[in-house]
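This report concerns a single protein chain. It is to be read alongside the sequence and the coordinates shown below.

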Amino acid sequence: MLYSLSKYAQSLGLDINVIGVDIDPHAIERSQIIFQGLNIHKSFVCTDSLFPYDQRNPSAGWKILRNKYLPNGIDIIVSNPPWGADLSSYSSLGQHYTTALGQYDSYDLFVETILNNLNEGGLYAIIIPDSIYCKEHYNTRKLLLDNTTICEIVRLGEGFFSDVNFAVSLLFGIKRRSKGNKVKCVHLSNKDRKDVLKGKTTLDFLCEHSAIYVDSKMMISNDYSFITDVSSLDIPLMSKLNSCPKFEEFVISYRCVELSKKGKVLRCPECGMWFPEPRKKAK
């Protein structure tokens, strides 16, 4: 992503200053090789983006980064943040990240890092897993909808990137609080995805010809949900459904319990919880 953006900027004759940050030294080495042919200002720093330079406070670490490499601040951030990363070695995430609550993922923290360090009016482009649509990531969606203008959400689905077996989405926006805007939403079908990968069409073409536009206010009023699959006919119906009781008023969300092939379960008479039928049946 960063290379494509840099190459495009160079073709326009723009004078840009690029900095790449990654904790993996091999990624830094590869980037230095790839960027050799681009005549732009570039630097690659091997450090932890969550706590740069081993600073106990991420703000202090990023201040060092900006002062050294980007004294005018950051106008554009493109990122493929890690998800599912092991965070057990961090002891103070909750003190520094508002998204480090409940069942969060490493990418939640990176999204917050992006917004904390982007100039006001700056642009962001993020590859993110589709778990962002789940209830557990409410805090990150709220952070984005309350503090930025989300311009476009593109749901790519599974298998779009090699060696990535998760459904992913692209998220584009501006760090500028929105008073209400239409979010361009695209959801690729299986056929669309296959056609793009086979070169029969382009992602740009599909984004222009199959997009729907959803009011960000509707996303906010629907519990900060990224609503990407509604039509103009659905919106009046959704407004009526909003006055109905919510499903969460009757059920509680838990991590799933694996069932046996027979599907038998039992309910504990003491705590009321449900469990799979035990292999060794008690009286």
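The text that follows treats the overall chain, a helix pair, the nonpolar cores and several individual residues.

**Overall description**

The model is predicted. The chain has 283 residues, of which 39% count as buried. Its secondary structure consists of ten helices and ten strands. The C-alpha trace spans about 75 × 45 × 40 Å along its principal axes. Among contacts between residues at least 6 apart in sequence, 63% join residues at least 24 apart.

**The pair H5 and H6**

Helix H5 covers residues 106–117 and helix H6 covers residues 138–147; their axes come within 10 Å and cross at roughly 20 degrees. Because of this angle, H5 is roughly parallel to H6. The crossing in which H5 passes H6 is left-handed. On the H5 side the contact is formed by Asp108, Val111, Glu112 and Leu115, and on the H6 side by Thr140, Leu143 and Leu144. By class, the residues of this contact are four nonpolar, one polar and two charged.

In soluble globular proteins, nonpolar side chains tend to be buried together. In this model the largest nonpolar core holds 34 residues, and those that touch the most other members are Tyr124, Leu144, Ile150, Ile153, Leu171, Met219 and Phe226. Two or more residues of this core come from each of the helices H3 (58–69), H5, H6 and H9 (216–221), and from each of the strands E3 (74–79), E4 (118–129), E5 (149–157) and E7 (182–187).

With neighbours within four places in sequence left aside, the contacts of Ile153 are Tyr133, Leu170, Leu171, Val183, Lys184, Cys185, Val186, Met219, Phe226 and Thr228. A second, separate core has twelve residues, including Val154, Leu156, Val168 and Leu170.

**Accessibility of selected residues**

| Residue | Relative accessible area | Class |
|---|---|---|
| Asp54 | 73% | exposed |
| Trp274 | 51% | exposed |
| Asp223 | 39% | partly exposed |
| Ser31 | 21% | partly exposed |
| Met238 | 17% | buried |

**Residues with positive phi**

Most residues other than glycine have a negative phi. Asp54 has a positive phi of about 60 degrees, although it is not a glycine. This residue, Asp54, is found in the loop between strand E2 (41–46) and H3. For Asp223, also a residue other than glycine, phi is positive and near 60 degrees. Asp223 belongs to the loop between H9 and helix H10 (234–241). Asp54 is exposed at 73% relative accessibility, whereas Asp223 is partly exposed at 39%.

Trp274 lies in strand E10, which comprises residues 274–276. Its relative accessible area is 51%, so Trp274 is exposed, the cut-off being over 50%. Apart from residues up to four places away in sequence, Trp274 touches Val265, Leu266 and Arg267.

Met238 is located in helix H10. At 17% relative accessibility Met238 falls under the 20% cut-off and therefore counts as buried. With neighbours within four places in sequence left aside, Met238 is in contact with Met218, Asn222, Ile227 and Val230. The C-alpha atoms of Met238 and Asn222 are separated by 9.2 Å, and these residues are 16 apart along the chain.

Ser31 is placed in helix H2, residues 25–34. Its relative accessible area is 21%, and Ser31 is partly exposed. Between Ser31 and Tyr3 the C-alpha to C-alpha distance is 8.5 Å, with 28 residues of separation in sequence.

Note on methods
Residues are numbered from 1 along each chain as its sequence is written. This is a predicted model: local features need pLDDT of at least 70, side-chain atom pairs count only at pLDDT 80 or more; totals for chains, interfaces and linings use all residues. Side-chain values use heavy atoms; hydrogens and water are left out. Axes are lines fitted to C-alpha atoms, for helices over the stretch in contact, and angles run from 0 to 180 degrees between N-to-C directions. Helices (H or I, at least four residues) and strands (E, at least two) are DSSP runs, numbered from the N terminus. Angles under 35 degrees count as roughly parallel, over 145 as roughly antiparallel, 65 to 115 as roughly perpendicular and the rest as oblique. A crossing is left-handed if the near helix is turned anticlockwise from the far one by less than a right angle, and right-handed if clockwise. Contact means heavy atoms within 4.5 Å. Ala, Val, Leu, Ile, Met, Phe, Trp, Tyr, Cys and Pro count as nonpolar, Asp, Glu, Lys and Arg as charged, and the others, Gly among them, as polar. A nonpolar core is a set of buried Ala, Val, Leu, Ile, Met, Phe, Trp, Tyr and Cys residues joined through side-chain atoms within 4.5 Å. Buried means under 20% relative accessible area, exposed over 50%, partly exposed in between (1.4 Å probe, protein chains only).
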